Amino acid sequence: MECFAGPLAAQDPFCMNPADPPAPPTLPFLPFALPEIGEDDIAEVVDTLRSGWITTGPKAKRFEADFKAWLGDAGDNTDGLHCIAVNSATAGLHLALEALGIGPGDEVITTTHTFTATAEVVRYLGADVRLVDIDPATLNIDPAAIEAAITPRTKAIMPVHYAGLAADMPQVLAIAQRHGLKVVEDAAHALPTTSAGRRVGTLDSDATVFSFYANKTITTGEGGMLVTRNAALAKRAQVMRLHGMSRDAFDRFTATVPSWYYEIVAPGFKYNLTDIAAALGLGQLKKAHRFGQRRAQIAALYNQALQGLPVILPPDSLPGDLHSWHLYVLRLLPQAAMGRNALIEHLFAQRIGCSVHYTPLHLHPYWRDRYGLSPTQFPQSQQAFDAMLSLPIYTSMTDDDVLRVCEAIKTALR
Ligand SMILES: *Cc1c(COP(=O)(O)O)cnc(C)c1O
């Protein structure tokens, strides 16, 4: 990923904390992303700090229960849904694939147009990644490309709801069903997002994983939520989340053995969410709908103000569906007065932070070299990448902030 907002931000893969950029010093720096933390959030965290229980405990449990209630609050069916709090979405994706038995010799299909976390978890398990191209209309994984990449070794598909727009889940799920494949949704951008009227998290995939990283639509600093209807998957993930400790063994023996007793049933991971982080999540979740509405307003304001410029505006959701607007991704047309890199530099000089989501995986040395990839295999992702930039979008941005960004872009492209 490229970062254009100063030396501090260059160390931060998500460009959250721009250091003071150069002149003009009179304009305040408009960051690319900013979490909205309220006094209520702070109070909940302080309550945890004073409680004497700061790691996984009552708040993490409540966060899981609240998350399930939130997923169902628009009437979607959440019967049998398990919500498992983890310390990152990366951890949740890893746990989901592990519980599905993905391992050496297996292949998992995902989009090249994503963050490396989506794909790296496949390699953690010794399985191989098959990267495929996107649909240029949506920037989401192209169902036809999925179908073309299926081999006898294929075990799973990992769609990403890029920018917060749902991937074509009806098609992805139909392909998976036809070929007997598992589906794990990378929903790091997708809160709140709906697909064909249903909340992402309640669809018919095997597992869905949300991220609460600092720049995501709700945050716990670091954190994630693994959601599944598969009871066996949930049980395995709960055990593997904490060192492979079997709670069952604990439960079976509590009547006769004191509470120090546990059994290790597998070489598990350290992926549990702390109560400090969960405390932050409790308040953030209550605001998720307001946050979503504000992001949608900002996107609409951008769309309106950038109309008529030599750009492709971001794809919107289908009528009746929700787009979370985690990212607002603009693409420049060839006739624009300057290219993407020059525009980002121009905006930075105007003290406006931007980013690029993402340098596609096929361009990164590890993925390129491991699978011998070239841009010609991913023409749509490559073309989008060359032309794209992500504009600032976060809940505390004012309408004037949005218009300031638009004016700077208009000046540059004219
Ligand atoms: C942020 C992100 C992740 C990883 O989330 P973490 O909570 O930081 O592990 C995975 N996939 C995508 C598409 C992301 O944007």
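Me: How is the protein chain divided into domains?
Reply: The model is a predicted one. Its chain is divided into domain 1, residues 39-286, and domain 2, residues 288-413.

Me: How far apart are the C-alpha centres of domain 1 and domain 2, and how many residues are in contact?
Reply: The C-alpha centres lie 26 Å apart. At the contact, 43 residues of domain 1 meet 37 residues of domain 2.

Me: Let us turn to the sheets. What is the strand order in the open sheet of 7 strands?
Reply: The order is β1-β9-β8-β5-β4-β2-β3, and the pairing is mixed. The edge strands are β1 (82-86) and β3 (128-132), each of which pairs on one side only. From one strand to the next, the twist averages 20°.

Me: How do β1 and β9 run, and how many bridges join them?
Reply: β1 and β9 (residues 224-228) run antiparallel and are joined by 5 bridges. Within that pairing, Ile84 has Leu226 of β9 as its bridge partner.

Me: And which strands does α3 touch where it packs on the sheet?
Reply: Helix α3 touches β1, β8 (207-211) and β9, and its direction makes about 130° with that of β1. Helix α7 (residues 169-179) also packs on the sheet, where it touches β4 (154-158) and β5 (182-186). The direction of α7 makes about 150° with that of β5.

Me: Staying with α3, at what angle does it pack against α10?
Reply: Helix α3 (residues 58-71) and helix α10 (residues 275-286) pack at an angle of about 30°, and their axes are 8 Å apart. That angle makes α3 roughly parallel to α10. The crossing of α3 with α10 is left-handed.

Me: Which residues meet there?
Reply: On the α3 side they are Pro58, Lys59, Ala60, Arg62, Phe63, Asp66, Phe67 and Trp70. On the α10 side they are Asp275, Ala278, Ala279, Gly281, Leu282 and Leu285. By class, the residues of the contact of α3 with α10 comprise 9 nonpolar, 1 polar and 4 charged.

Me: What about α4 and α8: at what angle do their axes cross?
Reply: The axes of helix α4 (residues 89-99) and α8 cross at roughly 125° and come within 9 Å.

Me: Which residues of α4 and α8 meet?
Reply: Leu95, Ala96, Glu98 and Ala99 of α4 meet Leu233, Arg236, Ala237, Met240 and Arg241 of α8. The contact of α4 with α8 has 6 nonpolar and 3 charged residues, and no polar ones.

Me: Changing topic, which strands make up the open sheet of 3 strands?
Reply: That sheet has the order β12-β13-β14, with antiparallel pairing. β12 (311-312) and β14 (388-391) are at the edges with a single partner strand each, so one side of each is left without a neighbour in the sheet.

Me: How many bridges join β12 to β13?
Reply: There are 2 bridges between β12 and β13 (residues 328-332). Val311 has Leu332 in β13 as its bridge partner.

Me: Which strands does α12 lie across?
Reply: α12 lies across β13 and β14, and runs at about 25° to β14.

Me: How do α11 and α15 cross?
Reply: The axes of α11 (residues 288-305) and α15 (residues 399-413) come within 10 Å and cross at roughly 30°. That makes α11 roughly parallel to α15. The crossing of α11 and α15 is right-handed. The contact is made by Arg294, Ile298, Leu301, Tyr302 and Ala305 of α11, and by α15 residues including Val402, Leu403 and Cys406.

Me: Is the phi of His243 positive or negative?
Reply: The phi of His243 is positive, near 65°. His243 sits in the loop between α8 (231-241) and β10 (245-246). Most residues other than glycine have a negative phi, and most peptide bonds are trans.

How values were computed. Residues numbered from 1 in each chain as written. Predicted model: local features only at pLDDT ≥ 70, side-chain atom pairs only at ≥ 80, totals over all residues. Heavy atoms only, no water. Axes fitted to C-alpha atoms, helices over the stretch in contact; angles between N-to-C directions. Helix = DSSP H or I, 4+ residues; strand = E, 2+ residues; numbered from the N terminus. Parallel < 35°, antiparallel > 145°, perpendicular 65-115°, else oblique. Left-handed = near helix turned anticlockwise from the far one by under 90°. Contact = heavy atoms within 4.5 Å. Nonpolar A, V, L, I, M, F, W, Y, C, P; charged D, E, K, R; others polar. Pairing = 2+ DSSP bridges. Domains from an automatic or database assignment.
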